[in-house]
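Here is a friendly walk through a model, meant to be read with the viewer open. We will go through sheets, helix packing, ligand surroundings and a few backbone details.

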Amino acid sequence: MASLLCLFFLSSLALIDHRHRQAFQSLFGPTFKSLPSRRRYTSSMPNHEGIGSMEASLERARANIRRAVRIQGYISQKEQSFIPRGEIYRNAYAFHQSYIEMEKRLKVWTYREGERPIYHDGPFSLMYSIEGHIIDELENSNSTFIAARPDQANVFFLPFSITNILRYVYRPFIASMIPLQTCTTDYVKLILNKHPYWNRSDGADHFMVACHDWGPYVSYGNPKLFKNFIRILCNANSSEGFHPDRDATLPELQIHDRRLSPPDEEEEPPPKRPILAFFAGGEHGHIRTLLLRHWKDKDEEVQVHEYLPKGVNYHATMRKARFCLCPSGAGDGRDDDDEEKGTMREMEEEAFGVVVVGWGGEGFGLVGEDILRRMVDGGLCGGGGGSGDGGWRYEVASPRIDESLYAGCVPVILSINFVLPLSDVLDWSKFSVSIPVERIPDIKTILQSITDEEYARLRSGVMQARKHFVLNRPAKSYDVIHMVLHSLWLRRLNVRLPY
Ligand SMILES: *[C@@H]1O[C@H](CO)[C@@H](O)[C@H](O)[C@H]1NC(C)=O
Ligand SMILES: *[C@@H]1O[C@H](CO)[C@@H](O)[C@H](O)[C@H]1NC(C)=O
Ligand SMILES: *[C@@H]1O[C@H](CO)[C@@H](O)[C@H](O)[C@H]1NC(C)=O
């Protein structure tokens, strides 16, 4: 009887009480002062005897962050190479302290189960490449965030690549979510049966990373299993099951030939930017349809193209524009040379998940029938589970946002319910403009009404913010990979677990 009670007690603690899920990132907002007082905050915690040493460490991190916010200052004595300051941060003190705490305490364990290339591998180039780079950083680098042993970890990574599942399992391509859901659900079931960690938290300290549009569908087939699971997704549409307190947005980056950092050519300063607004890209998604219908090849100042005219360079044009239009939807408009044309075809194929047998040559031999067979025998990608077709939707993210920051061009966000990347920390209104989709016809008047003074502020915000969108391998402090880990860290701080 006693042991039964004990079991019940443990399992009920392990369940996340959603009413008490702390939106820890709300600390970063200007509304912090109206948050519950410290006393109330403490009383909503499970009693201290229920907290293990891992949680105690996170509790200290939470307290330090709250303290930095309270005193509006920096409490760390440590010499810092970079201190976030300025209005692009929702709360620079909270962020700075939180980042320091993360460096001290965040430890990620990556499960070893599964075979490449579906697991432990991902794309390194093109639009979804951030998927592969994060998997690689967490598995094959000397990152200090990697836990040496699983019992030292406070978060657990499920290293499947949605892009690779689409590439290698969908042959021939079918518009069904079932194989995708099977590969991922089976993986969870495998690790949940083999290791104690998933059950201990009911998945709340476990996460995935996906840039492919289909990332969100992973959890549609089994909502109960994935209820607490942290999903870091490029396709972050808050009307399609993305919960900003639990999930985080992954910045979508366009990487060519494994070149990582932004082009370091000096971008044009504001006076030399003769184009008011620029966009080039395919008609991918309904927002782009609207944009192209109103503006395609119609205006000298608002330059909107489906495909770039011959001889016009995409990045160079971005560097000449004051504003870069970033409508939701992937697919790219650069068409200035053959190499890029080829890239473009691949990107569209990836974007649509269209995988044709034999496409691309190399790579297709990688998942031979033997590997797939072994996966199925090993309980992966084979069983039932998963259900239905989620319906066809376009993604909300676009690599253009990052490209525009790299080019020193102020992004204009044209989207519906897109949760902007790193918006837990960054105040996008200080370095971008959001125009509601209904006002697409007014783009020109809206952008023209922004004064030179306002523009200079937005642009200086762009120059500050882009540091956080640069991809380095190995990752560096405050770059995009570490910022994504920081988003993860905040989601982890949102829950209290009894270990
Ligand atoms: C990790 O560090 C070791 C020792 O310094 C070095 O030999 C190795 O190349 C590093 N690995 C990576 C992936 O950077
Ligand atoms: C975790 O829970 C599931 C479902 O209750 C159970 O089947 C599984 O054996 C448990 N895993 C471990 C490692 O005990
Ligand atoms: C986000 O999802 C909603 C609901 O499905 C949809 O109406 C909206 O257009 C989506 N946003 C984008 C940019 O596709």
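This is a predicted model: local features need pLDDT of at least 70, side-chain atom pairs count only at pLDDT 80 or more; totals for chains, interfaces and linings use all residues.

**Sheets, helices and ligand shells**

Strands β6 and β7 run parallel and are joined by four bridges.

- β6 and β7 belong to an open sheet of five strands, ordered β7-β6-β8-β9-β10, and the pairing is parallel.
- At its edges are β7 (302-305) and β10 (433-434), each of which pairs on one side only.
- As background, strands of a sheet pair through backbone hydrogen bonds, either parallel or antiparallel.

**The sheet that runs from β1 to β5**

- Another open sheet is formed by five strands in the order β1-β2-β3-β4-β5, again with parallel pairing.
- Its edge strands are β1 (108-110) and β5 (248-249), and each pairs on one side only.
- Inside this sheet, β3 (residues 206-210) and β4 (residues 230-233) pair in the parallel sense over four bridges.
- If you want a residue pair to look at, Ala 210 has Leu 233 of β4 as its bridge partner.
- Helix α16 (residues 480-493) lies across β2 (155-157), β3, β4 and β5, and runs at about 155° to β4.

**Helix α16 and its partner α4**

- How do α4 and α16 lie relative to each other? The axes of α4 (residues 92-105) and α16 come within 10 Å and cross at roughly 90°, so the two helices are roughly perpendicular to each other.
- From α4, the contact is made by Ser 98, Tyr 99 and Met 102, while α16 brings Leu 485, His 486, Trp 489 and Leu 490.
- By class, the residues of this contact divide into five nonpolar, two polar and no charged.

**Around the ligands**

- Ligand 1 is surrounded by Asn 140, Ser 141, Asn 142 and Pro 474, a shell with one nonpolar, three polar and no charged residues.
- Ligand 2 has Leu 192, Asn 193, Pro 196 and Asn 199 around it, which divide into two nonpolar, two polar and no charged.
- Which residues are closest to ligand 3? Twelve residues surround ligand 3, and the closest are Asn 237, Ser 239, Ser 328, Val 396 and Ile 416.
- The shell around ligand 3 has five nonpolar, six polar and one charged residues.

**Backbone details to check**

- Most residues other than glycine have a negative phi, and most peptide bonds are trans.
- Arg 473 and Pro 474 are joined by a cis peptide bond, with omega about -10°.
- Pro 474, one of the residues around ligand 1, is found in the loop between α15 (452-465) and α16.
- A cis peptide bond also joins Arg 116 and Pro 117, with omega about 0°.
- Pro 117 is found in the loop between β1 and α5 (129-140), and His 120 lies in the loop between β1 and α5 as well.
- His 120 has a phi near 65°, a positive value in a residue other than glycine.

Note on methods:
Residues are numbered from 1 along each chain as its sequence is written. Chains are lettered from A and ligands numbered from 1 in the order in which they are written. A residue is near a molecule or strand if its C-beta atom, placed from the backbone, lies within 6 Å of it. Ala, Val, Leu, Ile, Met, Phe, Trp, Tyr, Cys and Pro count as nonpolar, Asp, Glu, Lys and Arg as charged, and the others, Gly among them, as polar. Two strands pair if DSSP finds at least two bridges between them. Two residues are in contact if their C-beta atoms, placed from the backbone, lie within 7 Å. Axes are lines fitted to C-alpha atoms, for helices over the stretch in contact, and angles run from 0 to 180 degrees between N-to-C directions. Angles under 35 degrees count as roughly parallel, over 145 as roughly antiparallel, 65 to 115 as roughly perpendicular and the rest as oblique.
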